[in-house]
Amino acid sequence: MIEIPARRGKATRLPAGQRIRIVNTYGQQVVDTWAFAAADLGEFMSMEHTRIAIGRIIPGVGDTLVTNRRRPILTLIEDTSGGIHDTLVAACDRWRYELLGCVGYHDNCTDNLAAALGELGLAPPETPSPLNLFMNIPVIDGNAIDVLPPVSTPGSHVTLRAEIDCIVALSACPQDMVPVNGAAMTPTAAHFEVVG
Ligand SMILES: [Zn+2]
């Protein structure tokens, strides 16, 4: 398995038909997940387009996530994490941490995406809203949202299958100012493997 170091990102090419297993190694780590069409990075997995395609806000096993051109790109085929993920919240960025009171630079998922694609010689056209694996953002009374620790457990995982040739980027979210990554607010590593 390949490590996604704590507070960092990683990306991999995922040919159509291959699967990627994303493991919440220590159980409480949110993994921001993006997918870009290999043929044109301007086409990418879109939470806005996926929610209407699947008719709900949290994808479940069997649901196919779609691009900003409404084409299938990834299908969720296995989930041992408890099934709680987020599609509502933007990737964290330097401004999110500034608003929380951070002085100076703070690692963030937006920069992690750029760095991870950079390792493949690529650059994201923008920062799409990610599939926030393991992130627990309940909707209360059909309107308000809360930020709670993940319900996932150590070693639990999600498996996604590529529907087209794509590039998958993952960020072990460095959020340590709200309990997104557990009550201890301590980001950890996660792992992934391409399982063919
Ligand atoms: Zn983040």
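**A guided reading**

Reply: We may begin with a polar contact: the side chains of Y105 and D111 make one, at 2.7 Å. Please keep in mind that the model is predicted.

Me: Where does Y105 lie, and is Y105 buried or exposed?

Reply: Y105 is found in the loop between α2 and α3. Exposed means over 50% relative accessible area; Y105 has 55%, so Y105 is exposed. Along the chain, Y105 and D93 are 12 residues apart, and their C-alpha atoms are separated by 10 Å.

Me: Which residues coordinate the zinc ion?

Reply: One looks for donor atoms, which are N, O and S atoms within 2.8 Å of a metal such as this one. Here the SG atoms of C92, C109 and C173 coordinate the zinc ion, at 2.2 to 2.3 Å. Along the chain, the donors follow the spacing C-x16-C-x63-C. C92 lies in the loop between β6 (72-79) and α2 (94-99), while C109 lies in helix α3 (residues 109-119), so this pair ties together parts 17 residues apart in sequence.

Me: Are C92 and C109 buried or exposed?

Reply: Both C92 and C109 are buried.

Me: How should I read the salt bridges, and how many does the structure hold?

Reply: The general idea is that side chains of opposite charge can pair when their charged atoms come close. The structure holds 11 salt bridges. One of them joins R7 and D176, whose closest N and O atoms are 3.2 Å apart. This pair links distant parts of the chain, 169 residues apart: R7 is in the loop between β1 (2-4) and β2 (9-14), and D176 is in the loop between β11 and β12. R7 is partly exposed at 23% relative accessible area, and D176 is partly exposed at 25%.

Me: Which elements does the salt bridge between K10 and E119 tie together?

Reply: In that salt bridge the closest N and O atoms are 3.6 Å apart. K10 belongs to strand β2 and E119 to helix α3, so the pair ties together parts that are 109 residues apart in sequence. K10 is partly exposed, at 25% relative accessibility, whereas E119 is exposed, at 55%.

Me: What separates R94 and E98 in helix α2?

Reply: R94 and E98 form a salt bridge, at 3.2 Å from N to O. They are 4 residues apart in helix α2, which means a separation of about one helical turn. R94 is partly exposed, with a relative accessible area of 44%, and E98 is likewise partly exposed, at 40%.

Me: Which residues touch the most other members of the largest nonpolar core?

Reply: That core has 26 residues, and I22 and L74 touch the most other members. Among the elements that give two or more residues to the core are β3 (19-24), β4 (31-37) and β10 (156-162). Strand β11 gives the most, with 4 residues.

Me: Which residues form a nonpolar patch on the surface?

Reply: The patch is formed by I57, L88, V139 and I145, which together have about 300 Å² of accessible area. L88 is placed in the loop between β6 and α2, and its relative accessibility of 36% makes L88 partly exposed.

How values were computed
Residues numbered from 1 in each chain as written. Predicted model: local features only at pLDDT ≥ 70, side-chain atom pairs only at ≥ 80, totals over all residues. Heavy atoms only, no water. Donors = N, O, S within 2.8 Å, 3.2 Å for Na, K, Ca; no water. Buried < 20%, exposed > 50% of the residue type's maximum accessible area, 1.4 Å probe, protein only. Polar contact = N/O pair within 3.5 Å; in protein donor to acceptor, adjacent residues only side chain to side chain. Patch = residues over 30% accessible without salt bridge, like charges linked within 9 Å, V, L, I, M, F, W, Y side chains within 5 Å. Areas by Shrake-Rupley, 256 points an atom, 1.4 Å probe, with all protein chains shown as cover. Salt bridge = Lys/Arg side-chain N within 4 Å of Asp/Glu carboxyl O. Core = buried A, V, L, I, M, F, W, Y, C linked by side-chain atoms within 4.5 Å.
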